[in-house]
Amino acid sequence: MEIKNDDLNEVIAFLSTFTMPRTVARANSKFVGHLKERLQELIDNEKELVESFGGTVDDGGHISGLDNEKLDEFQAERKQLLSETATIEPDYKEQFSILKSFFDGWDGEVSPSSYKGMNALYDALDTIGDVDAGEK
């Protein structure tokens with residue numbers, strides 16, 4: 001499954017709001033774990049990028065010391081990094097089908113702060129094809 005780096009945090013936040021049946025919760029937990037790994041890789045890559053432009057990142061994620069003359073170049077490279085796509089592989093064959101089946105049938109309310117994460121998740125789930133009803 002593929003999710004843009006820029007959407008990782010929002011998808012994690014969206015998926016963390018649910019109470020789910022056991023089989024769905026297991027699939028979701030493993031998926032969120034992989035998303036968190038990719039998010040940490042993104043954070044590490046962003047930090048390296050900041051440092052390559054002479055800046056630093058504190059423990060709170062605040063950036064300082066960037067070379068103002070190269071700020072446009074930094075922003076372009078950061079934008080490119082955020083637009084890259086993270087690929088998440090399933091832990092077991094039915095994992096993504098279980099998630100897709102759950103969300104195909106889910107019609108709960110979504111808070112405005114979760115719209116981006118929900119849309120990114122649904123876009124990713126749409127790419128895995130139709131769910132076999134027997135794979136629940």
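The following legends describe close-up views of one predicted protein model. Residues are numbered from 1 along each chain as its sequence is written, and side-chain values use heavy atoms, with hydrogens and water left out. Because the model is predicted, local features need pLDDT of at least 70 and side-chain atom pairs count only at pLDDT 80 or more, while totals for chains, interfaces and linings use all residues.

**View 1. Confidence along the protein chain.** The chain has a mean pLDDT (the predictor's confidence in each residue, from 0 to 100) of 92, and 94% of its residues reach 70 or more.

**View 2. The largest nonpolar core.** A nonpolar core is a set of buried Ala, Val, Leu, Ile, Met, Phe, Trp, Tyr and Cys residues joined through side-chain atoms within 4.5 Å; buried means under 20% relative accessible area, with a 1.4 Å probe and protein chains only. The largest such core has 31 residues, and L15, F31, L35, L99, F103 and L121 have the most contacts inside it. At least two residues of this core come from each of helix 1, helix 2, helix 3, helix 4 (95-105) and helix 5 (115-126). Helix 2 supplies the largest share, seven residues.

**View 3. L35 and its contacts.** Apart from neighbours within four places in sequence, L35 touches I3, L8, V11, I12, L15 and I88. A second, separate core has five residues, including L49, V50, F53 and L66.

**View 4. The surroundings of A124.** A124 lies in helix 5 and is buried, with a relative accessible area of 2%. Beyond its neighbours within four places in sequence, A124 is in contact with M1, E2 and I3. A124 and F103 are 21 residues apart along the chain, and their C-alpha atoms are separated by 12 Å.

**View 5. Residues lining the largest pocket.** The lining of the largest pocket comprises 16 residues, of which L39, L42, I43, E46 and R78 lie nearest its centre. Helix 1 (8-15), helix 2 (22-52) and helix 3 (71-83) each supply at least two lining residues, and helix 2 gives the most, seven. A pocket is an open set of points on a 1 Å grid over the protein atoms alone, where a 1.4 Å probe fits, with protein on both sides within 12 Å along at least five of seven lines; lining residues have an atom within 4 Å of a point.

Terms used
Helices (H or I, at least four residues) and strands (E, at least two) are DSSP runs, numbered from the N terminus. Buried means under 20% relative accessible area, exposed over 50%, partly exposed in between (1.4 Å probe, protein chains only). Contact means heavy atoms within 4.5 Å.
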